Amino acid sequence: MLVSMKDILQHAHKHNYAVMAVNSINMEMARAVISAAEEEHSPIIVQMGPGQIGKHAHLTEIVPLVKELAERASIPVALNLDHGGKLEDMVTAIHNGFTSLMIDASSYPYEENVKRTSVVCALAHPHGICVEAELGHVGQAADGDNSKVDLYTNVEEAKKFVEDTGCDALAVAIGTAHGDYPKGYVPELNFERLAELKKALAMPLVLHGGSGSGEENIRKAVAGGINKINVCTDAFHAAKNAMLEKLEVKPNADYLELCMTAEAAVKQFVKEYIRMIGSNNQYFYGESVSTGNE
């Protein structure tokens, strides 16, 4: 069930829900994410960025693992390159069997963004690989980029961008940012801009920087037309916090137990998030849907 992200997102776009795209950098995270999605009858996107690949999620090990887990699953699984920048990174992802590429040229002027995105689409589409692009710029929470209105996606520019590039999904900037926000801070999202973008583009839209944005914001974003939500920081926190809590109650817990604890925590986090964004039971085959209380 390793499939193109395009098919997953088109279904989400048509039925007005969102799909998690979880940065998964090892066996425990990939297994937790896919098993959570399967239990919730939800599509899922496993992804990793070039930096994560270089540091830890080496493609020679992680890609065969994700493919094996996807083959066993009864729900659609996509493998996405997150925030690809260098052309060689995207070519390597194509050669290694990724089913989606996210080309992030959002920090460049419009013309250069179009040029780079168009090249990636020309390389990926003949292989049936989905291409996600970004217009506007979702920056870093630590730099306060979420509140910089000049970075938000322009509606008319977005329409032209999609026509000029042929991208399959568009990441939009409406007030989120990557990484951790200051403690207690919840970003203010521009839902009016989101509604304008959805109406003008009528295509799958992506929210980057989903971590720490608050449940109310996430629910409203999905209702407003977001179909893919990138989650990294919150998933990492779920694993880390679970391990720290385990060590508090059991200081002599060994590495195996900590790995198992982290995997269980990520799985539970993903299951709850899936229900929040409405992708649960989208791929249920049968006359009735289990409530999980039997």
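**The strands and what surrounds them**

Modeller: Start at strand β4, residues 100-103. S100 and M102 point one way from it, L101 and I103 the other way, and all of these are buried. Keep in mind that this is a predicted model.

Now look at the neighbours of β4. On one side is β3, which runs parallel to β4 and is joined to it by three bridges. One link to find is G84, whose bridge partner in β4 is I103. To get from β3 to β4, the chain passes through helix α5, residues 87-95. That β-α-β crossover is right-handed.

β4 also pairs with strand β5, residues 130-135. The sense is parallel again, over four bridges. Here M102 has E132 in β5 as its bridge partner. The unit made by β4, α6 and β5 is a right-handed β-α-β unit too.

Helix α6 deserves a stop. It covers residues 110-124, and its axis comes within 9 Å of the axis of helix α7, residues 155-165. The two axes cross at roughly 35°. The crossing of α6 past α7 is right-handed. On the α6 side, the residues that meet α7 are Y110, N113, V114, T117, S118 and C121. On the α7 side, they are E157, K160, F161, D164 and T165.

Step back to the whole arrangement. β1-β2-β3-β4-β5-β6-β7-β8 is the order of a closed barrel of eight strands, with parallel pairing. From one strand to the next, the twist averages 25°. As background, strands of a sheet pair through backbone hydrogen bonds, either parallel or antiparallel.

β2 pairs with β3, residues 77-84, in the parallel sense over five bridges. Follow I44 across: its bridge partner in β3 is V77. On the β1 side, three bridges join β2 to β1, residues 19-23, and these strands run parallel. V22 stands opposite V46 in β2. The chain reaches β2 from β1 by way of helix α2, residues 27-39, in a right-handed β-α-β crossover. A further facing pair is N23 with Q47 in β2.

What about burial in β1? Five of the five residues of β1 are buried, so this strand is largely enclosed by the rest of the structure. V19, A21 and N23 point one way, M20 and V22 the other way, and all are buried.

V19 has K228 as its bridge partner in β8. β8 covers residues 226-231 and also pairs with β7, residues 205-207, in the parallel sense over three bridges. There, L205 stands opposite I226 in β8.

Last, the packing. The largest nonpolar core has 74 residues. M20, I44, L170 and I229 are those with the most contacts inside this core. Helix α11, residues 255-277, gives the most to it, with eight residues. Apart from this core lies another, of 14 residues, including Y17, V19, A78 and A169.

Leaving out residues up to four places away in sequence, I44 touches I8, V19, M20, V33, I34, A37, I75, P76, V77, A78, V270 and I274. V19 and M20 are buried residues of β1. V77 is the β3 bridge partner of I44. V19 and A78 are among the residues of the 14-residue core. I44 itself is one of the residues with the most contacts in the core of 74.

Definitions and conventions:
Residues are numbered from 1 along each chain as its sequence is written. This is a predicted model: local features need pLDDT of at least 70, side-chain atom pairs count only at pLDDT 80 or more; totals for chains, interfaces and linings use all residues. Side-chain values use heavy atoms; hydrogens and water are left out. A nonpolar core is a set of buried Ala, Val, Leu, Ile, Met, Phe, Trp, Tyr and Cys residues joined through side-chain atoms within 4.5 Å. Buried means under 20% relative accessible area, exposed over 50%, partly exposed in between (1.4 Å probe, protein chains only). Helices (H or I, at least four residues) and strands (E, at least two) are DSSP runs, numbered from the N terminus. Contact means heavy atoms within 4.5 Å. Two strands pair if DSSP finds at least two bridges between them. Axes are lines fitted to C-alpha atoms, for helices over the stretch in contact, and angles run from 0 to 180 degrees between N-to-C directions. A crossover is right-handed if, with the strands pointing away from the viewer, the path from the first strand over the helix to the second runs clockwise. A crossing is left-handed if the near helix is turned anticlockwise from the far one by less than a right angle, and right-handed if clockwise.
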